[in-house]
Number of protein chains: 2
Amino acid sequence: MTSTEPSGRPSEARERLLNTATALFYAAGIHSVGVERIIAEAKVTRATFYRHFPGKEDLITAYLERIHQHIRGQYEQAVASGKPAADILREIGRQIVEDIRTPGFRGCAFLNAAAEYPDADHPVHQTVLAHRAWFLTTITDLFAQTYDSPPEGLSRHFVMLRDGVMAAGCLGDPIAAGETFLNGVEGLLRVRTVDGVLRVHASDAPETTRS
Amino acid sequence: MTSTEPSGRPSEARERLLNTATALFYAAGIHSVGVERIIAEAKVTRATFYRHFPGKEDLITAYLERIHQHIRGQYEQAVASGKPAADILREIGRQIVEDIRTPGFRGCAFLNAAAEYPDADHPVHQTVLAHRAWFLTTITDLFAQTYDSPPEGLSRHFVMLRDGVMAAGCLGDPIAAGETFLNGVEGLLRVRTVDGVLRVHASDAPETTRS
DNA sequence: AAGGAGAAAGAACGATCGGTCTTGTAGAAC
DNA sequence: GTTCTACAAGACCGATCGTTCTTTCTCCTT
């Protein structure tokens, strides 16, 4: 009998499958892309595909998991840089804006996946939730390093803006959306609650059009 | 030959089809729901379905179009009430928060549809874009009635928060998301640019936790 | 009374879906 | 040299996809 578990880790065919699936899933949606097309464009046979992945569902979660690890790597690198948390948050914001302005941007892969898998019990949906939980925690930690006030509200606000700019960058003007987003992030970094009253610190170099 | 165009407008079968499709598309996603299941749950035969809709695609656009008209009706009613624009924006915010806290909330139907139909030329995608263009224009008009400063940044910010809270309400805690969203909207309604510097008006009854 | 439209009921269409199986072969490990 | 593994190539499976068709029956209109 033939083995059902690949032993060597790198496995060129598996890598090709994941790369192809990533490009196709992200660009066209998950349900719209069949196994047939993936194995054709990855130049891999059906048997090879099913040796590396028990089924399409596992390919989908691997696709999301890999993006998650990539983003996580970026963030941990930024955090490890030792810069002030506020600067790291600004850098994250800039990175997001850069992404949405890149040709071929189709929104957040996780939000798109959740739209196709609304069932909360589904493995794909759970993968999305896990990523979002990590993201919210990460942002909350950064805000906690920046302020004495409870950071939960600020980080939720940040994530909300992020989710919004993903939609706006995909379905509207990415340039304008990026500006609005960065303004919003800057506002979050300047806001303080003083005696229960909302305060906004004026920037050192006051900009012109604000939102 | 049999007619291919339904004459009488209301057509009970058509209404049943649209209602069923709305419930199924919204809850399970569009690609996940086949024509088979729709006609079964709508208690309608295949032939009847194809008499009212040239194909599944037209049912999808009709599904989105109907939601669009419903929301549009709500908004025009609010605008026609003659209340101050700021109050209308607050009311819109409250309505959104109420929606996301309703059991069965699965996010924005248009954002979800766009995730499944990324091709900008596709009729479904275009329907989404049309709705979003109307929404942004409507919000911009309301902000224009409230402030002397250019409203585009504010309205884009508002829409960004709305898109974000749709995701957060669906994939996270709807209660917390609603609070964060309303705080954000309130902030937009209190912000002013004075001499090019960001200013936030303290609320008459200052609240406690802010973001 | 006659005619026609709307709808029910269901067979059938080609295509594609995700998934399994067989066979052959090249290469690395033992 | 033998064995084992990864992969190629492709036939094949049942199920479901969206769609078209025929037939019959019931209304509503004229």
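This is a predicted model: local features need pLDDT of at least 70, side-chain atom pairs count only at pLDDT 80 or more; totals for chains, interfaces and linings use all residues.
How many nonpolar, polar and charged residues does the surface near DNA strand C have? Okay, the answer: seven nonpolar, nine polar and nine charged.

So who's sitting there? DNA strand C is surrounded by 25 residues, and the closest are Gly34(A), Gly55(A), Lys56(A), Ala13(B) and Thr45(B). On chain A, the elements that give two or more residues to this surface are α2 (35–41), α3 (46–52) and α4 (56–80), and on chain B they are α1 (12–28) and α3 (46–52). Which of these gives the largest share? That's α3(B), with four residues.

Now let's move to the helices.

Start inside chain B. Helix α7 (residues 123–146) and helix α8 (residues 152–171) of chain B have axes that come within 8 Å and cross at roughly 130 degrees. That angle is why we call α7(B) and α8(B) oblique to each other. The crossing of α7(B) past α8(B) is right-handed. If you want to find the contact on screen, look on α7(B) for Phe135(B), Leu136(B), Ile139(B), Thr140(B) and Phe143(B), and on α8(B) for Glu152(B), Leu154(B), Ser155(B), Phe158(B) and Val159(B). Sort the residues of that contact and you get seven nonpolar, two polar and one charged.

Next, across the two chains. How far apart are the axes of α8(A) and α8(B)? They're 7 Å apart, and the helices pack at an angle of about 105 degrees. So α8(A) and α8(B) count as roughly perpendicular to each other. The residues in contact on α8(A) include Val159(A), Met160(A) and Leu161(A), and those on α8(B) include Val159(B), Met160(B) and Leu161(B). This contact divides into 12 nonpolar, two polar and two charged residues.

There's another cross-chain pair: helix α8 (residues 152–171) of chain A with helix α9 (residues 174–190) of chain B. Their axes come within 10 Å and cross at roughly 80 degrees, so α8(A) and α9(B) are roughly perpendicular too. From α8(A) you have Gly153(A), Arg156(A), His157(A) and Met160(A), and they meet residues of α9(B) including Thr180(B) and Phe181(B). By class, that contact has four nonpolar, five polar and one charged.

Last thing: how confident is the predictor? Chain A averages a pLDDT of 89, with 85% of the residues scoring at least 70. Among the elements of chain A, helix α6 (residues 109–116) has the highest mean, 98, while strand β2 (residues 197–200) has the lowest, 59. Then look at residues 1–8 of chain A, where pLDDT stays under 50 and the model has five contacts beyond four places in sequence. Residues 203–210 of chain A also stay under 50, with 10 such contacts.

Definitions and conventions:
Residues are numbered from 1 along each chain as its sequence is written. Chains are lettered from A and ligands numbered from 1 in the order in which they are written. Axes are lines fitted to C-alpha atoms, for helices over the stretch in contact, and angles run from 0 to 180 degrees between N-to-C directions. Angles under 35 degrees count as roughly parallel, over 145 as roughly antiparallel, 65 to 115 as roughly perpendicular and the rest as oblique. A crossing is left-handed if the near helix is turned anticlockwise from the far one by less than a right angle, and right-handed if clockwise. Two residues are in contact if their C-beta atoms, placed from the backbone, lie within 7 Å. Ala, Val, Leu, Ile, Met, Phe, Trp, Tyr, Cys and Pro count as nonpolar, Asp, Glu, Lys and Arg as charged, and the others, Gly among them, as polar. A residue is near a molecule or strand if its C-beta atom, placed from the backbone, lies within 6 Å of it. pLDDT is the predictor's confidence in each residue, from 0 to 100.
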